[in-house]
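Thanks, everyone, for letting me take a few minutes today. Please have a look at the sequence and the model as they come up, and then I will go through them from the whole chain down to a single residue.

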Amino acid sequence: MSRIGKKPVAVPAGVDVKIDGQKVTVKGKAGELEWSFHPLMAVAFDDKAREVNVSRPNDSSQAKALQGLTRAIVNNMVKGVVEPFEKRLEIVGVGFNALLDKGFLQLQVGFANAVRLPVPKNVTVTVPDQTHIVMKSCDRQAVGQFAAEVRQVRPPEPYKGKGVRYQGEFVRRKAGKATGAGGK
């Protein structure tokens, strides 16, 4: 049975939750999120206890998995409208930099041309300096997806460590070519 799915989601004061059929809407100071859950699940909001409960109709493995997934997504929605989720990226490499330009994130990461990525409308991107990127959004999936897309442009390589990485990410370094006098 799903231990995560059985836990109720606590809704803090100042957060408004509405359930309309298969749609959950969560509104708070940081924004508003809307999500359609699977028809197999039953989601209920208890206004007195200020909590959201997710229940399943049977004990099939699909229903158990969906219960935990639904509860986790609703929990992330509630957390996101209270305090936005944040991802920080850093760019390592000589001449590598980032620039925010009219709704596009422009990366100069060793290619002949700069790479321009459109910033999603529900993600706020700031570039405090040329080698750091900060992304914020109340939607955890959107901020994580955009951070992964930016990192994918030039993932960190293991020899010199150059590329785009999450702040604090450990990149395992490899030794380069060993010079030997063996081959003539």
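Predicted model: local features only at pLDDT ≥ 70, side-chain atom pairs only at ≥ 80, totals over all residues.

As for the fold, the secondary structure amounts to 3 helices and 13 strands. The radius of gyration is 22 Å, well over the 16 Å that the globule rule gives for 184 residues, so the protein is more spread out than a compact globule. Along the principal axes, the C-alpha trace spans about 75 × 45 × 25 Å. If we take the contacts with a separation of 6 or more, 51% of them are made by residues 24 or more positions apart. The protein also carries 30 positive and 17 negative charges, whose mean positions lie 10 Å apart.

Which residues of helix 2 are buried? Among them are Ala63, Leu66, Gln67, Val74, Met77 and Val81.

Ala65, however, which also has its place in helix 2, is exposed, because its relative accessible area is 52% and the cut-off for exposed is over 50%. The C-alpha atom of Ala65 is separated by 9.8 Å from that of Ile4, although the two are 61 residues apart along the chain.

Technical notes: Residues numbered from 1 in each chain as written. Heavy atoms only, no water. Helix = DSSP H or I, 4+ residues; strand = E, 2+ residues; numbered from the N terminus. Rg over C-alpha atoms; globule rule 2.2 N^0.38 Å. Contact = heavy atoms within 4.5 Å. Lys, Arg positive; Asp, Glu negative; His and termini not counted. Charge placed at Lys NZ, Arg CZ, Asp CG, Glu CD. Buried < 20%, exposed > 50% of the residue type's maximum accessible area, 1.4 Å probe, protein only.
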